[in-house]
Amino acid sequence: MSFCFNFDVAARTTNPDDVDAKELQNGKKDTAAIAMEDDTKPAEPVKEAKEHLPLPDPQFLLRDAVTETLTIGTLPPLHFLNETVFEKTASEREDGEKILSRAAEQRSDLISGVYEGGLKVWECTYDLLELIEKDGETFGGKAVLDLGCGAGLLGILALQRGARQVHFQDYNSTVIKQLTVPNVILNCQEEDEVDSEDDKEGRGKGNLQEEDGCKKKVQEKQEVRDGVPPPKKRATDLSQHPLLAKCRFFSGDWSAFLALVKKEDPQPKYDIIFTSETIYNTAYYPALHETLHKLLAPDGLVYLATKSHYFGVGGGLHLFETFVEQRGIFSLDHVWDREEGLQRHVVVLRFTMAKGT
């Protein structure tokens, strides 16, 4: 899995080395840029937030779709669009944001302020899925937010395991419409309608692959070899599917997303918020922290999967831990750490008043 970051929108990026430590302590300015109060608008324009309603004929999104399936232990299989084929067919897809063409032209997995990496399934997502499998979390009756969802695998798992509602949010509307929604629809289909006979015979006999230090167990991973794509999935009528009815889909900057959902009565509160590989840029910490603060239920949990440091970008767990600690809203506990190689972690945030209860 490649790591290519292109920060060509300078206004969105802050160099931690240029920030004074006293300013960090005083809360005026820190390594994550200027802190935003509830009533303070960000100094620069933010990407408008939108809700994307399921289409009346959603199955057309899966026509001729090429997919792969992830299996981890006892977790239900997670189906998602094949990344390689998605990239190769980018020019054929609707893309009002032009992120597919720009990412392809610049050979970049991330263009700050333009495209925030949602088309890739990053390593730490697999780490969090493995932790969920180990802990046996079932999500029964819970409200779940997949924040910075990308392919949406974490939210899809919660949906499959009994969540009352699951909301998906990503920076880019193209990611939501072309990747997240199709993946959710794909997993809403009944197995006997979407699985080929080969898939059924091969289930549970997947390969354990090592990719950049991340173990990914894939059911005979359907890679494109010699230009021949894997079997295609056929969609069925899903417009009234009960699982799809539990989902909502949003795009836009976190600040704009928060402002949008705060207008609702009652305002959504989430028992569990998943966020994976979202603290790579320190400039985004204030908006992320505020979103978590305002949308987490009083006894809720935030599961954050991350690398220790994002080379060439500046963010990482240590800087975010410092940011969280100085605000005093959340406690942060490590629940999984990988110390060898490129260090990765899963941490849990909860309101400080709820710690130990």
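Predicted model: local features only at pLDDT ≥ 70, side-chain atom pairs only at ≥ 80, totals over all residues.
The chain contains 11 helices and 15 strands. It is 357 residues long, and 53% of these residues count as buried. The accessible surface amounts to about 16,400 Å². Carbon and sulfur atoms contribute 48% of that surface. Among contacts with a separation of 6 or more, 72% join residues 24 or more positions apart.

Two packed helices are described by the angle between their axes and the distance between the axes. Helix α4 spans residues 123–135, and helix α5 spans residues 153–160. The two pack at an angle of about 20°, and their axes lie 10 Å apart. Because angles under 35 degrees count as roughly parallel, α4 is roughly parallel to α5. Their crossing is right-handed.

The contact draws on residues from both helices. On the α4 side are Thr-125, Leu-128, Leu-129 and Ile-132. These meet Leu-153, Leu-154 and Leu-157 of α5. By class, 6 residues of the contact are nonpolar and 1 is polar; no charged residue takes part. An α-helix has 3.6 residues a turn, so residues three or four places apart point the same way.

Helix α10, residues 285–295, is mostly covered. Of its 11 residues, 10 are buried. The buried set includes Tyr-285, Pro-286, Ala-287, Leu-288, Leu-292 and Leu-295. His-289, Glu-290, Thr-291 and Lys-294 of α10 are also buried.

How values were computed: Residues numbered from 1 in each chain as written. Heavy atoms only, no water. Axes fitted to C-alpha atoms, helices over the stretch in contact; angles between N-to-C directions. Helix = DSSP H or I, 4+ residues; strand = E, 2+ residues; numbered from the N terminus. Parallel < 35°, antiparallel > 145°, perpendicular 65-115°, else oblique. Left-handed = near helix turned anticlockwise from the far one by under 90°. Contact = heavy atoms within 4.5 Å. Nonpolar A, V, L, I, M, F, W, Y, C, P; charged D, E, K, R; others polar. Buried < 20%, exposed > 50% of the residue type's maximum accessible area, 1.4 Å probe, protein only. Areas by Shrake-Rupley, 256 points an atom, 1.4 Å probe, with all protein chains shown as cover.
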